[in-house]
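Open the model in your viewer and switch to a cartoon view.

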Amino acid sequence: MPKADNGGAAGPRVVVLGGTGYLGRRIGEAFTADGAQVHLVSRSPAENGAADPRSVRMDLLNAGPRELTEFFGSVRPDVVVNAAGRAWRADEAEMTAGNADLVARVTQSLVDLPHRPRLIQLGTVHEYGAGTPGAGTSEEQEPAPVTPYGRTKLLGTRIVLRAAEEHGLDGVVLRLSNVIGAGAPVGSLFGMVAAHLADAARAQSLGEKPDELRLPPLRAHRDVLDAQDATDAVRAAATAPGDLGGQVINIGRGEAVPMDALIHRMVELSGVDLPVVESVADQPARTDAQWLQLDVSRALRLLGWQPRRSLDTSLRDLLTAAVPTPVNDRKRR
């Protein structure tokens with residue numbers, strides 16, 4: 001982690017934007033365990049309540065550059081992690097506000113500070129668009145996103161890279177593959193399936209027949225990353241020596257997994273007996289890329305990071321948090 005200037009305090013100062021969200025709260029917990037002074041910035045209070053000294057209430061979507069500059073100036077962070085943004089249940093305008101406009105205000109505020117922190121921007125594999133079946137996508141591939149989420153996240157990436165080039169900001173973008181773990185948002189495929197399995201488990205425990213799991217055709221292959229591995233990548237980026245400014249680094253498992261096999265494995269591990277029906281009826285047509293796989297060699301070279309947790313471990317974590325019944329074969333492999 002960049003050297004801290006904390007007036008004699010033990011740990012570096014870390015600000016996590018979106019600090020009570022799916023990834024943000026994990027990242028905050030990890031840095032706290034590392035001994036950092038963590039500030040979790042979010043419109044919603046932390047799980048421990050508004051009295052939590054780490055929690056900073058701020059509406060990031062409406063916070064102007066001056067408000068952000070004053071906040072950063074008072075905290076004097078060594079690291080800022082941007083885990084804020086919009087992904088689920090938002091239109092393209094809302095995604096632009098959360099994934100690009102906010103990034104512009106954050107970078108503008110950081111370059112005005114006398115003590116500039118390292119900015120770690122969380123990007124996404126969806127910035128690339130379609131991958132080549134059978135191959136991993138490297139950071140050198142020209143992005144061609146096909147979804148609003150991918151397009152707006154790419155705007156955010158380009159803002160960080162421009163701030164690094166024009167103003168010398170030590171800003172690095174971690175392009176994450178599809179993240180899975182306990183508490184996955186219900187708007188995501190994994191979160192939605194976990195919620196359905198939780199309802200099915202409750203019905204089964206009452207002697208009722210659970211509703212079948214209806215999904216669109218699962219023909220895509222995805223690079224799926226454990227949430228803890230993603231968190232460890234952020235920690236590695238924070239502690240990497242030198243200047244990472246202007247770097248884009250892929251963070252994933254480096255393999256593409258058939259989604260139909262992964263969802264069926266999830267149902268199997270849950271112990272809930274219900275059919276999985278793939279149907280185009282009553283399901284929105286998918287417009288995203290069918291093959292997403294990352295080349296993660298740069299992450300190992302620059303950060304010393306590589307994925308360590310198995311897919312079964314990730315699925316068990318997700319299910320244990322969601323399904324109120326024992327998960328089959330709970331022994332971690």
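Strands pair here if DSSP finds at least two bridges between them. Strands (E, at least two residues) and helices (H or I, at least four) are DSSP runs, numbered from the N terminus.

This is a predicted model, in which local features need pLDDT of at least 70, side-chain atom pairs count only at pLDDT 80 or more, and totals for chains, interfaces and linings use all residues. Residues are numbered from 1 along each chain as its sequence is written, and side-chain values use heavy atoms, with hydrogens and water left out.

**Stop 1: strand S6.** Select 171–176. Six of its six residues are buried; buried means under 20% relative accessible area, exposed over 50%, partly exposed in between (1.4 Å probe, protein chains only). In a regular strand the side chains alternate between the two faces of the sheet. Gly 171, Val 173 and Arg 175 lie on one side of S6, with Val 172, Leu 174 and Leu 176 on the other, and all are buried.

**Stop 2: strand S11.** Move on to 247–251. S11 pairs with S6 in the parallel sense over five bridges. Find Leu 176 and then Ile 251, its bridge partner in S11. Four of the five residues of S11 are buried, so the strand is largely enclosed by the rest of the structure.

Stop 3: Now show the open sheet of seven strands, ordered S3-S2-S1-S4-S5-S6-S11, with parallel pairing. Which strands stand at the edges? They are S3 (55–57) and S11, each with a single partner strand, so one side of each has no neighbour in the sheet. Neighbouring strands are turned by 20 degrees against each other on average, direction ignored. Elsewhere in the sheet, S1 (13–17) and S4 (79–82) run parallel, joined by four bridges. Pick Val 15 there; its bridge partner in S4 is Val 80.

**Stop 4: helices on the sheet.** Select H2 (65–75), which packs on the sheet and touches S1, S2 (37–42), S3 and S4. Contact means heavy atoms within 4.5 Å. The direction of H2 makes about 150 degrees with that of S1; axes are lines fitted to C-alpha atoms, for helices over the stretch in contact, and angles run from 0 to 180 degrees between N-to-C directions. H4 also packs on the sheet, touching S5 (118–124), S6 and S11, at about 155 degrees to S6.

**Stop 5: H3 and H4.** Select 92–111 and 148–167. The axes of H3 and H4 are 8 Å apart, at an angle of about 10 degrees. That makes the two helices roughly parallel. Residues in the contact include Met 95, Val 103 and Thr 107 of H3, and Leu 155, Gly 156 and Ile 159 of H4.

**Stop 6: H2 and H3.** What angle do H2 and H3 make? It is about 50 degrees, with the axes 9 Å apart. Pro 65, Leu 68, Thr 69 and Phe 72 of H2 meet Arg 105, Val 106, Gln 108, Ser 109 and Leu 110 of H3.

**Stop 7: a second sheet.** Finish at the open sheet of three strands, S12-S9-S14, with mixed pairing. S9 (221–222) and S12 run antiparallel, joined by two bridges. Select His 221; Pro 258 is its bridge partner in S12.

Terms used. Angles under 35 degrees count as roughly parallel, over 145 as roughly antiparallel, 65 to 115 as roughly perpendicular and the rest as oblique.
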